[in-house]
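I begin with the aromatic side chains and then turn to the strands and the chain as a whole.

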Amino acid sequence: EWSGEGPLQSFTRFRALSYQRDAASYLRSKARPGEPTLALGMGREIGFLAQRPVYSSGEALFRPGVWPPPKASRVLVALLPTQFLTPYAYAWLEQDCTLEASFGRYAFYHIDKGYPEDLAVLLPDDHPNALPGVKTLR
């Protein structure tokens, strides 16, 4: 951005760092210590910076002791445009969750109506445990 090599509207590292800090600050202020947050995408660094537990949907499938998080938990969609979600995950966010806040490519949703019965609907199509035959919207 500072060198003029990229357009100002692009996702540059300086803006990315600002968004990351804002997202971590938001999570630290809204989530109680120990309250888990589900991440779709790469959101664990936000949990580290906020000092709050953040679990990726894939990790939740492989660590049964950490799932399901309490209903008051949030969903963090991190660095993933919605076209990289499966149609089921996108529909779940639209129908069962409410957008709380967004910072660049980080979006926080409150889970209003519970979790999908099958957590595999939250996985990207290239994940080994994803639903067979389901493709992302990209």
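1. The count comes to four aromatic pairs, where rings of Phe, Tyr and Trp (its six-membered ring) pair if their centres lie within 6.5 Å, with planes under 30 degrees apart taken as stacked, over 60 as edge-to-face and the rest as tilted. The ring centres of F103 and F108 lie 6.3 Å apart and their planes meet at 75°, so this pair is edge-to-face. Ring pairs also link Y26 with F103 and F108 into a cluster.

2. On provenance, this is a predicted model, in which local features need pLDDT of at least 70 and side-chain atom pairs count only at pLDDT 80 or more, while totals for chains, interfaces and linings use all residues. Residues are numbered from 1 along each chain as its sequence is written, and side-chain values use heavy atoms, with hydrogens and water left out.

3. Both phenylalanines of the edge-to-face pair count as buried, F103 at 19% relative accessibility and F108 at 0%, where buried means under 20% relative accessible area, exposed over 50% and partly exposed in between (1.4 Å probe, protein chains only). Over the 138 residues of the chain, 44% count as buried.

4. The secondary structure comes to four helices and five strands, which follow the pattern α-β-α-β-α-β-α-β-β along the sequence; helices (H or I, at least four residues) and strands (E, at least two) are DSSP runs, numbered from the N terminus.

5. Strand β1 (residues 37-41) has four of its five residues buried. β1 pairs in the parallel sense with β2 (residues 54-56) over three bridges and with β3 (residues 74-78), also in the parallel sense, over five bridges, pairing being assigned if DSSP finds at least two bridges between two strands. In β3, V77 is the bridge partner of L40.

6. T37 stands opposite V54 in β2. Between β1 and β2 the chain passes through helix α2 (residues 44-50), and this β-α-β crossover is right-handed, in that, with the strands pointing away from the viewer, the path from the first strand over the helix to the second runs clockwise.

7. As to confidence, the chain averages a pLDDT (the predictor's confidence in each residue, from 0 to 100) of 76, and 65% of the residues score at least 70.
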